[in-house]
Amino acid sequence: MLPDRGYGIAVKLHLRHAYRVTGHPILLDVQALGKSVPGPRRLFRSLDLQVRAGELVAIIGESGVGKSTLLNILAGLDDADDGQVAIDGTILGSLDEAARTRLRRERIGFVFQAFHILPYLTLRQNVALPLALISPDADAAETRATAMLTAVGLGDRGDGYARDLSGGELQRVAIARALVHRPSLILADEPTGNLDPDTASRVLALFANAVRDNGAAGVMVTHSDASAAIADRVLTLGADGLVERRGR
Amino acid sequence: MAAEPGLLSGRLALGWLIGGEWRFHPARFLTTAIAIAVGVALGFAVHLVNGSALASFDGAVRGVNGAAELSVTATSPLGIDERLYPQVLQGAGVADASPVVRLDARIGGNRLTLLGLDVIRAAAVTPSLVGIPPQGPASSSDGVFDESSLFLSRTALERSRLAIGDRVTVTANGRNVPLRVVGTLPAAEADAAIGVIDIAAAQWRFERIGRIDRIDLSLSNRRTAEEALAQLLPADAILSTAQARGAQGSALSRAYRVNLDMLALVALLTGGFLVYSAQSLSVARRQRAFALLRTLGMPRRAVVAAVVVEGVVIGIVGGATGLAAGYGLAWSALHWFGGDLGAGYFGGTAARIVFQPAAAAGFFALGLIAAVLGSAVPARAAARAAPAAALKNAGDVLDPRRAVAWWPAAVLLAAGGGAALLPATGGLPLFGFLGMALMLAGGVAGVPWFARSLLAPLARRRGGSVPAMLAIRHLHGAPGEAATALCGIVASTALMIAMATMVTSFRGAVDTWLGQVLGADLYLRANAGASFDPATRAHLAATPGVDRLAFSRQLPLTIAADRPPISLIARPERGGRDPLLVLVERTSSLPASALPVWVSEPAQRLYGWDPGETIILPIAGRTRFTVAGVWRDYGRQAGAVLVDEADYQRLTGDTGRDEVSATLQPGSDATAVGKAMTARLPGALRGQVDVTQPAVLRRLALTLFDRSFAVTYLLEAVAILVGLAGVAATMSAQTIAREREFGMLRHLGLTRGQLGAMLATEGAVVGLTGALAGIGLGLVLAQVLIHVINPQSFNWTMTTRVPLGTLFGVAAALTGASAATAVLAGRRATATGAVQSVREDW
Amino acid sequence: MRNALSGWLALVAVAAPAAVPYPVVRPGITLAFPADHGAHPGFRTEWWYVTGWLRTAAGEDLGFQVTFFRTRPPVDAANPSRFTARQVVFAHAALSDPATGRLLHGERAARVGFGLARARTGDADIGIRDWRLRRTPDNRWTTQIFANDFALALDFRPTQPPMPQGLAGYSRKGPRPEQASYYYSIPHLRVAGRVRRGDRIVPVTGEAWLDREWSSDYLAPQAEGWDWTGLNFDDGSALMAFRIRRKGGGTLWAGGALRRPDGITTPLGPRDVAFRPLATWRSGATGAVYPVSQEVSIRVDGRIARWRLTPMFAAQELDARRGGLPVYWEGAVRTPGGRGYLELTGYNQALRM
């Protein structure tokens, strides 16, 4: 577990880091994305977004603007009306269902608001789950999962179960799980929605560090400015697409 | 009530809670109500059918007996000396007495009881047996004392398709007597096939001079009369009351009826488990809602009340529907299969349905209790949860490391085993059934432990396919959830396996036994009291192709007034001449002076006649016999005793024989010899002797056997279906409740196929677990059935035979059905829309 | 003239006359006593019928009837069974108590055999189990009756000789000569004995009437029933009168006899007897309407004599169908200067005999 004091400094360091990643490859490339829902309403159109390796982007917006829909489209779980999404060079629109699932399994990591740690698996098994889906090598998976748990400060809890952990700890397990298979893209939907502010900021810092340290592209959807502040870039989702927030 | 706010003040919130649940999940309520309804319907229907059949059987018995309050009855068809009649009539406390000659008779192929009555006495004692001729000009030549006048009950008249005025030939006691139908017995029980003639005519024409079979009594003082008559009665007569006669009739079928009732209750029990499953799920799903309400100030007991009220409504709806359905079911069963449901206990009496308000109330109450208990248990669990924790937590309080308690199951099983060892009460294996119920409860309570233990080695296994790993880890971690789904099916499977094992064992035993006892080549049997006299016997023995004939006499012999008569069989037996007697026990040595008697297993159990004991039988007065052995007999539930033919003839002077078993010379054609033997019979006897071959008898016996258990199979099948419905409902609800989990797994990259495989594996494992638990429990219960229930109700024993085919079939069916259910339910839970449900946006 | 031959009796009586040769009743016999007090087993039916008025020590009036029937069913005499119904005996007793306005009655029946019922020849001795009516050698008649709610133990001492009815005992009942019976009565029997009602036993005295009748062919097919009365007059005279009613109305046959105190008897033919209903009573139990009060007119020596019969009380109907007997009215009646019994049969349903 990291000492309490270190976090404020970490946040500032990360702010500066944003400028350092500009030279890294673009792992997520969204171009002219448009999505409408049944009825006259349009969620967004002509949405463009590029996220580079090691970069964490926060997307904020009012309820109902389509933040979660955007995430689902990025994950290949929903289809856009127009535009395209490329993950590490692979264009989602060109893939069938099975290929998208494979892509998701190998290249994307998820962090959910409600953690979704399976109660009947050990924490190590939970973390190792994405690896288990890719390869049957149990030893390798568990070694890597232990390493990930150690990285989020829960190295000694691998044999425990969800029941033993607090909300913050569960989300750290979830973060470990999201990164265990070295994904190109990490999608997080309100990762701190169920946590108190203090815990939230610690978990967020951990999350941001983890994304950067693993060289993944991170997209985090939130409606909290405080959460968004940890990101390298903060984009506001509205009817006209994503608008970069200035004045920071 | 003092500590918490009142329920009444919170009734509005309570109403919203229940009403809202119903509006959103009407199907769930309906399914549970149907489960209860099926149980109630089955129980009620079986009870109604049995009750109606018994009532009409009773009616038939009463009909033949004319409802006399007390009768002096001959212990065997040899009858009693008629000179007893004036003594009885003049006995203290006796107001009037009606002597009766009773004959088993036939008109053509239709059986009836032919009574010879003194119409004057009968008019005072048993008026329902008194016939009246039809009014009108044609009656001028009628006469109640006329030797040729025959009065028939409506049933007898209709069965023989006769009209008043017809001339008929009535066959009884081996005589064919022409009579004329002169009237009906309008007061006789509708179901009884009775004919009435004058007693003097009966004695004369059917050669019963000097003998009567019964004296019906009307009494001025019952106690005085019973005391006086006890002094008066000879050994071959007993006093029997109307109740005793009813008991005699119902005793035969009682155990069978109780067994059926118990089976029907199993369906109800399964329904109760189903309510438990459904309500558990519903409560689990609403845990947050309850927590919220508790936080808002709803009392703990209001939560319980809400769920229990739901149970009450389910119970009322299910119970009422069940009663209506049960009545309809009973009606159709009676209409299509008859009152014995094919078992042959109430042979020949047509049953009409008799509504039984008390039974209806009972089954309704049972349905209600099942529903309320099924709801109360999960309700209490819900109320115990700390509201704050429940509200905050997503509900996953599961802990796979927590040990599953094994001791409640062990205690229940042990208690059940103990109860099963207790003796029968009132001739019924009530403790046996209690034991089975306890063991069943224990078995169901042990399912979580069983599932955990079964899956532990698999769960420890690392690697393998992710879906299988997830499925097994889930079941291993949450065996309670599986148990909730399984309780109903484990109970019904266990009972079905138990019954199937018992029936298989029984059938096997009967089959073996039939093979042993049907050792002759040909059987001849005289009907309607006809018999082979010595001359005929000699003539038959001389038939070409016949090697040896064994003649026997079989008579009912009443030992106790309230028990059905046992069979007295006289056969050449001394010196072990009969190789067909399958002895299960024998005495080591018999005093040379003793009269040997071989008793059947039921007779041994019913009357406590053990080998070596001296017993007194009402044959030619009171004769002492020594029990020489006990033989296996599945044919005569009321018991039978076998005495040597020579002893019998010496004691009774009866030279008639009514059965012949023939051993043929090698190479003889049984059919041809049978025809030749028939041709050698005197003309009067020819139409009254059936010639059968052992294969036919064996087939007939097994057909009867299967028919009598057909309804059992049906009930079992229904119980299984109810159980499967429970598995399906519970599994689908549980699967749907795991929607988010599946959504997350889809995010992680599990394909729908993998999810389906996971669910199928889970379903199959659940089904297999249920099947294994049910089969294991069923095999244990079968031992109770075979070694406790059967001997105590039917008085025969057997060795266990396991119906392997059925076991595999049940296991496969259950596994497949649950897997299919899980996959079907999973389709909904893993639909694309559902994938997005990982978001906490509700 | 006796009623109750319906129910079993009637069934027996109408059955197959051809099979069993019953003796035919013909005129020209002489009654011989005591033999004719006894049974005549060859005939199809026979009865001993005592009716009368009793008085208790307290001065209460009671009416009573004690009846024994004997019948010979048309059974095969070759039947060796002890139960063979060669003879069947029926008995019927009733007690009319004006204090209650109600009739108590009881009945018994049995076939002979096993010593349970008897109808001796040679002198009157007939009984069923403990019910009995017999004549003792000292010319006393005596009866014991034990019914459920009453019992009778009565002695009857004749004060007059038997009174042959019809032509010296041959009594026509219908248009054909064989529709007849042998018939004598003993009126003015002096009664002494005890009556039990419920648990109370009281000594009684009184006056009674004995009817004795035997026949093989009693009632014409077109007959519906009959009205009969036997009256003991205070002056020692006695009147028997009957009419047989035709189905559909009218009188089919009538007859009777009047014996004066000096013993001179006048037989009455069909034209000499008339019954005229004065009052009727409707039975609530059976719905039958009985002319319980009648005026009996007879023509003797060219003069018409009339008696108005008034019942002791109206409700003296007997519904004895349960015991195989018919529904009829048999009641104690008063008349100026005398008392007796009135019998009304066939009012509920036509009788067959």
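A residue is called buried if 20 or more other C-beta atoms lie within 10 Å of its own. The model discussed here is predicted.

Me: How many residues of strand β1 of chain B are buried?
Reply: Strand β1 of chain B covers residues 70-74 and is mostly covered. Buried residues number 5 of its 5.

Me: Which residues of β1(B) are buried on the side that holds B:L70, and which on the other?
Reply: In a regular strand, side chains alternate between the two faces of the sheet. Both faces of β1(B) are covered. One side has B:L70, B:V72 and B:A74, and the other has B:S71 and B:T73.

Me: In which sense does β1(B) pair with strand β10 of chain B, and which residue stands opposite B:L70?
Reply: β10(B) spans residues 214-219 and is joined to β1(B) over 4 bridges, in the antiparallel sense. Opposite B:L70, β10(B) places B:L217.

Me: Over how many bridges does β1(B) pair with strand β11 of chain B, and what is the bridge partner of B:V72 there?
Reply: The pairing with β11(B), residues 237-241, is antiparallel and runs over 5 bridges. Within β11(B), B:V72 has as its bridge partner B:L239.

Me: Which element gives the most to the side of chain B that touches chain A?
Reply: The contact takes 27 residues from chain B and 28 residues from chain A. On the chain B side, the elements that give two or more residues are α16 (466-477) and α24 (739-748). The most, 5 residues, comes from α24(B).

Me: How do the residues on that side of chain B divide into nonpolar, polar and charged?
Reply: The side in question is the one that touches chain A. Its residues divide into 11 nonpolar, 7 polar and 9 charged.

Definitions and conventions:
Residues are numbered from 1 along each chain as its sequence is written. Chains are lettered from A and ligands numbered from 1 in the order in which they are written. This is a predicted model: local features need pLDDT of at least 70, side-chain atom pairs count only at pLDDT 80 or more; totals for chains, interfaces and linings use all residues. Two residues are in contact if their C-beta atoms, placed from the backbone, lie within 7 Å. Ala, Val, Leu, Ile, Met, Phe, Trp, Tyr, Cys and Pro count as nonpolar, Asp, Glu, Lys and Arg as charged, and the others, Gly among them, as polar. A residue is buried if 20 or more other C-beta atoms lie within 10 Å of its own, exposed if 12 or fewer, and partly exposed in between; C-beta atoms are placed from the backbone. Two strands pair if DSSP finds at least two bridges between them.
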